[in-house]
Amino acid sequence: MESSARSARQGTTRRRSPHLPAAAEKKEEPPETKQKPQPSPKRLGRSVEDSQNPVFREVINFKPIPFPVRNYDKITTEPVSFYFSSLEELLAWTPVSEDAFNIAMIPLADRQPSLQSQRPRTLVCHDMMGGYLNDRFIQGCMTESPYIFYHWQFIDIFVYFSHHTVTIPPVVWTNVAHKHGVSVLGTLITEWTEGGRLCEKFLSGDPSSYQKVADQLVRIAQFFRFDGWLINIENSLSATAVGNTPFFLRYLTEQLHQHVSGGLVIWYDSVTKDGQLNWQNELNERNRVFFDSCDGIFTNYNWKEEHLERMAPFEVRKADVYVGVDIFARGNVVGGGFDTNKSLELIRKHGFSAALFAPGWVYECLDNKDFFQNQDRFWSLLEQYLPTHSICSLPFVTSFCLGLGTRRFSYGQEETVGPWYHLSAQEIQPIFGTHKLESESGWVRIHSCLMDAWNGGSSLLVHGMIPSNTGKVAVRLFSLQVLAPPKIYLSLIYKLEGHTDITVALELSTLDVRRCNIGGISSVHGPTTRHTPRPLQMPPAKLLKWVGRCSQQFDGGWIHRCYEVNLQNCFLQDIFVNFTRPLGSQNDENFTCRLGEIQVVDANSLMTPLSQVRDLTASHTCWQRIHSEVHRFKIKLLLSCTLHWSYLLPQACGFRIYHRGGSYSRRKELLDSEEPTFLGLAHSNMYRVVNLEVEEAPAGHDCFVEFLVQPIPKEGFLVPQVEWGRLTLLYSKPSKH
């Protein structure tokens, strides 16, 4: 598995970066907001320029550098997510600088309905082929047809499950789930005879034994910024151990609530209060003591409706009972696979939450060439039992990227060619499922498409038909519950496929608070109102940095529309895209439209000065010579190093890493005339450059390679290149004595 950095040398074609706008005025950040870079054991040579444009000197050295085994892939030195295989590994863990790669950058987004509301919830437990597959590569990898999940609007909790003792969720899953407002849990599991011995070590002693384990689990969740734990003890327990288990759960839950906002501890239905391994398939008096000691229970899967009926007395915490559904339909179950809706129907009938185990069944057991169709079919069958969640904060920006692709696009231009997979790069996904229209004869269908994109690897393809008896159709893509600021800016990027004169526009619905006032015109149409703002032909000067070119067509057929909306006393409720028939048309109008990006931004947030990328340094430098795959007798020189920088992370949703140079030059100034080449995405203040091919330095001379770090602001605008962080590495052969 190779990261995007390595793929440039392994058959993936790289493009130069797209044209960048003129430099904007630099803005300084307050000194107190500056973050310190992570300490590192090996720095590059001494900087010979100032800290804002540092130049480091490095003499090529092929001596290997030892790397922490659990933090890096042993073949490529790419950063990877990890787990613990024993109690001893768990208790011995203390944070090191390399662990920073695994810290989630994206905080848990607000959404409605929240986890605190007493309504049935949906938990997904992800169990796939042992776990830590391609998703362990923190910076992404090259892989074709990986598993992807994108129906986040239907679920509340995501559990990453494996059979390792302590499963720490790969940071890519935490980032993408948090982006959608979904809580992420790791797993503590003990199994079989060895699991029994492990439990005796920490549950049969005095309270300090289980408190040490609980404290360490809390520290790990807090440090890596995920939200809690599924506790799965699938082995019998001694009388002492089972007696201490409720105290362990209660202590863990209390400490997690204290140190992790919104923290959750959920118990799996396996052991009973007498210590026997005896799955109950329900909440009852034999396992209630564990349920009463934590935030919820995940029941086993072999239940029937009478099990649900027997749980009626637990009315007070009914939403904390997650009734398990094995999508693989193993054992005596009501329904799994494409019959999972039968299980959901009964669970919701009795008012319980649901825990869907291994929905990756659609990937593991069905033909991967039909994966997207099968995935959409599976979730559409469950849609009526899964309430849609609403986005509750601004800015709202999405290019519909799934976090994978066969190519990578940047601002409508192809940037790299070749498969890639990076879950942290997935952006907020729309409401997939049935789209009911006001016109019974019209129709609209949406699906993700990897053929073209504005940013990332995919766009949203909308197919539809405007019937002759109506002027337009509209598709609801996002649900919001946001108290609207006085002024918002909206942006839509799209292109129509084929020749058509259909008009495409953004549409908002608002929910009145007292009386909702839109642009000075009071709403008189009841509590919910639909609005189609007029596009701006030329945005205000203060918006130029954000929107670039409004009402113009880009290369590749992309069209950019910008809108300004003034609001009073309103909640933003829904985002629609509507499609209007051409004037004078009397026929049914079929259309295909590709949506590239939607933005909704508080106007005031655009006035906030951005942080600057500062203190760019490098560590863990490695050099390697290998034979060229193309020219048998040619030797290639490969450079790997870890970049570090300071940046105010709450202002960004990631960083794009570029390089240029890597060739012989007597003048560093020649670098400035070369367009940078994309390396990869970072979701922390660190990035590992892996196996970058550079030219050999002639004896007695230097070569240059420059690294650039482009912040990606949450508001979605393009930061001019002059405001990027940069570091130049000047390298040479060792001198002969």
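Tutor: What follows is a walk through several features, each with its general idea before the case at hand. This is a predicted model, in which local features need pLDDT of at least 70 and side-chain atom pairs count only at pLDDT 80 or more, while totals for chains, interfaces and linings use all residues. Residues are numbered from 1 along each chain as its sequence is written, and side-chain values use heavy atoms, with hydrogens and water left out.

Student: Which strands pair with β8, and in which sense?

Tutor: Strands (E, at least two residues) and helices (H or I, at least four) are DSSP runs numbered from the N terminus, and two strands pair if DSSP finds at least two bridges between them. Strand β8, residues 228–234, pairs in the parallel sense with β7 (residues 183–191) over seven bridges, and in the parallel sense with β9 (residues 264–268) over four bridges. Within these pairings, Asn232 of β8 stands opposite Ile189, and Trp229 has Val265 in β9 as its bridge partner.

Student: Is strand β8 mostly covered or mostly open?

Tutor: Buried means under 20% relative accessible area, exposed means over 50%, and partly exposed lies in between, with a 1.4 Å probe and protein chains only. By that cut-off, β8 is mostly covered, with seven of its seven residues buried.

Student: What do β8, helix α6 and β9 make together?

Tutor: A crossover is right-handed if, with the strands pointing away from the viewer, the path from the first strand over the helix to the second runs clockwise. Here β8, helix α6 (residues 239–259) and β9 make a right-handed β-α-β unit.

Student: What is the order of the strands in the open sheet of three?

Tutor: In a regular strand the side chains alternate between the two faces of the sheet. The open sheet has the order β27-β28-β31, with antiparallel pairing. Because β27 (614–627) and β31 (686–694) stand at the edges, each with a single partner strand, one side of each is left without a neighbour in the sheet. Strands β27 and β28 (residues 635–646) pair over 10 bridges in the antiparallel sense, and Trp623 stands opposite Leu639 in β28.

Student: How many salt bridges does the structure hold, and which residue does Arg57 meet in one?

Tutor: Side chains of opposite charge can pair when their charged atoms come close. A salt bridge is counted when a side-chain nitrogen of Lys or Arg is within 4 Å of a carboxyl oxygen of Asp or Glu. The structure holds 29 of them, including one between Arg57 and Asp702 at 3.4 Å, N to O. That pair links distant parts of the chain, 645 residues apart, with Arg57 in strand β2 (residues 55–59) and Asp702 in the loop between β31 and β32 (703–713). Arg57 is partly exposed at 41% relative accessible area, and Asp702 is also partly exposed, at 24%.

Student: Is Asp99 buried or exposed, and which residue does its side chain meet in a salt bridge?

Tutor: Asp99 is buried, with a relative accessible area of 0%, and its side chain meets that of Arg70 at 3.9 Å, N to O. Arg70 is partly exposed, at 31%. Another salt bridge joins Lys318 and Glu315 at 3.1 Å, N to O, where Lys318 counts as buried at 15% relative accessible area. Salt bridges can also form a network, as they do in linking Arg121, Arg317 and Asp320.
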